[in-house]
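Let's take a friendly walk through part of this model, looking at helices and a sheet in turn. Have the structure open as you read.

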Amino acid sequence: MSQGDGIPLHIDPSIAPRYRLIQLEPGIVELLESPKEAAHLQLKSAGPDAPAFLCGYSRTFQLRQISQSNTLLLLSSASSSSSSSSSSSETTDTVPDEVTLDPLYATKLPGGYLECIPSRIQIDLSFVPYYHGAELKEAAGSDADLALSKLDVTARVPVSEFELQSAWIAAMGVEIDGYVYRISHDLVLRIVPILMAAIQAEGMDFGTLWLSEVFEAVRKDEDEPAAVIEAILMRFSTSRSEPYCLDTAQLAQWLGIKMLSEHAFLEIKLEDFMEKWELSIPPVLDLTCDLSMLTGQYVQPTPKTIKYLPSSRLPVDPASRFERLFASKSSWLLEEILPFLNDIEKEQVKVNALLMKFAKKKVVKGKTYIGKRGV
Amino acid sequence: MPSATFAFNMRPAIDESSSDFPHVLRTPTGLALIEIQGTLHTAQPSSDSTPAELGKLTFDGKTAWLWIGDHQRMEGSIVDLNPPFGVLRRVTRKQSEMEEENGRPDETAVEIVEVIRKKILFTSRPEPIVNRNMT
């Protein structure tokens, strides 16, 4: 093979700066090829030094720059400075060997490429102010400086639309007069029994609730705007749109966590807690409270006591997490500790690896106990 | 938080019938990738930015050669990229006059112009070529 009939390769410094390479792993390809995801694609970043996120409709990826020392050249058959003459087909009828081949223009790419990893950041909506009720809002007066619109929230959270909506519903976000808030827990505690009583009094079906009807029923006793009622309905419903179907288990869980968290992280009597929890459930719902509804939110230092311990607030780093867990209780049953490991590691194999690395297993009378290492 | 729309646009294919570039490397917009284990030193671009010739590329099946200058040749191979790479380009769309008056800044969009599935990888040092065949 000789040099004479080679394709000339030119270096054109003017093409490069506009291009970057991004690694297209299957997850990203899915994102790009799905019409629904692709329609919402956004790149978000808090600033030049903050991480960048690629957000689709329901999935979010974090972009990471991977450096490599090899030289990467991007070849194109048209120089940016030339007109389309170099790519015209004047030579189609001639034998390639007799003419100079169209040159290729190479430009150096900045070192490395972009990698996309599924984003694992927690959505933090704590910057959205609380709404404590219509009366309190009027008393507080105008707080325009702190006021946020829904657009402000969307712009501040680097996450896909669907994920943001899920977090918004869970936080009971509400829009009143163009500004957004999160409904305060005390307001929820006050409204829920009134809401349930009103629904029952009007003979409505808890499985098929229409906002306008529910709002009409509640207005006699409460003057909160419809948006507040809707946010509460959505939070405890199995569906995101009307008709809402009340999820009593979710409601019971929320109330249980609320009761637990009121004691901060102190150890309290199990009996007292269960009684308080039962009392908070609106009687119309005819629900039995069970500790299994609060998996991953509590620990029982002794069989007769209970303490608030939310897995979402534990350290993500395994070593620190195990330290916190053993500080609450020195010996755990395997089934008790698993919920506190499943949110940092989904695969059973990896969970077992963590247990082997940071803890000690002991089997007594058919039950597996997990304790601290080196004790 | 600043954000930019991200688009996956495949631009229309340009005419490649005159190109001797191997079929496997041809992509609709004509972009392909070369990787060299080493550093490329080029002369400073001249003031009118005319491209300078780096060398010549020839192909034989899965092997590629880069002929540099009169006396050197590098051997490389065509390698599959798994996963493939997307080529990102930033585009600034000029808004209409009315939108500019309203204070909306020019929108920045990022698009994937091309998906590259193969690259030419050069890992060895250039070898000296003594007998130069020029037709």
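Two strands count as paired if DSSP finds at least two bridges between them. Keep in mind that this is a predicted model. In chain A, β13(A) and β14(A) run antiparallel and are joined by 2 bridges. Within this pairing, Val299(A) sits opposite Lys307(A) of β14(A).

Now to the helices. The axes of α6(A) and α8(A) come within 11 Å and cross at roughly 85°. Angles of 65 to 115 degrees count as roughly perpendicular, and therefore α6(A) and α8(A) are roughly perpendicular to each other. The table shows who makes the contact.

| Helix | Residues in the contact |
|---|---|
| α6(A) | Leu187(A), Ile191(A), Val192(A), Leu195(A) |
| α8(A) | Val228(A), Ile229(A), Ile232(A), Leu233(A) |

By type, this contact has 8 nonpolar residues, no polar and no charged.

Helix α9(A) covers residues 248-261. At 1.5 Å a residue, its 14 residues should span 20 Å, which agrees with the 20 Å between its end C-alpha atoms. Its buried residues include Leu251(A), Trp254(A), Ile257(A) and Lys258(A). What do the buried residues of α9(A) pack against? They pack against α6, α8, α10, β13 and β14 of chain A.

How values were computed:
Residues numbered from 1 in each chain as written. Chains lettered and ligands numbered in written order. Predicted model: local features only at pLDDT ≥ 70, side-chain atom pairs only at ≥ 80, totals over all residues. Heavy atoms only, no water. Axes fitted to C-alpha atoms, helices over the stretch in contact; angles between N-to-C directions. Helix = DSSP H or I, 4+ residues; strand = E, 2+ residues; numbered from the N terminus. Parallel < 35°, antiparallel > 145°, perpendicular 65-115°, else oblique. Contact = heavy atoms within 4.5 Å. Nonpolar A, V, L, I, M, F, W, Y, C, P; charged D, E, K, R; others polar. Expected span 1.5 Å × (residues − 1). Buried < 20%, exposed > 50% of the residue type's maximum accessible area, 1.4 Å probe, protein only.
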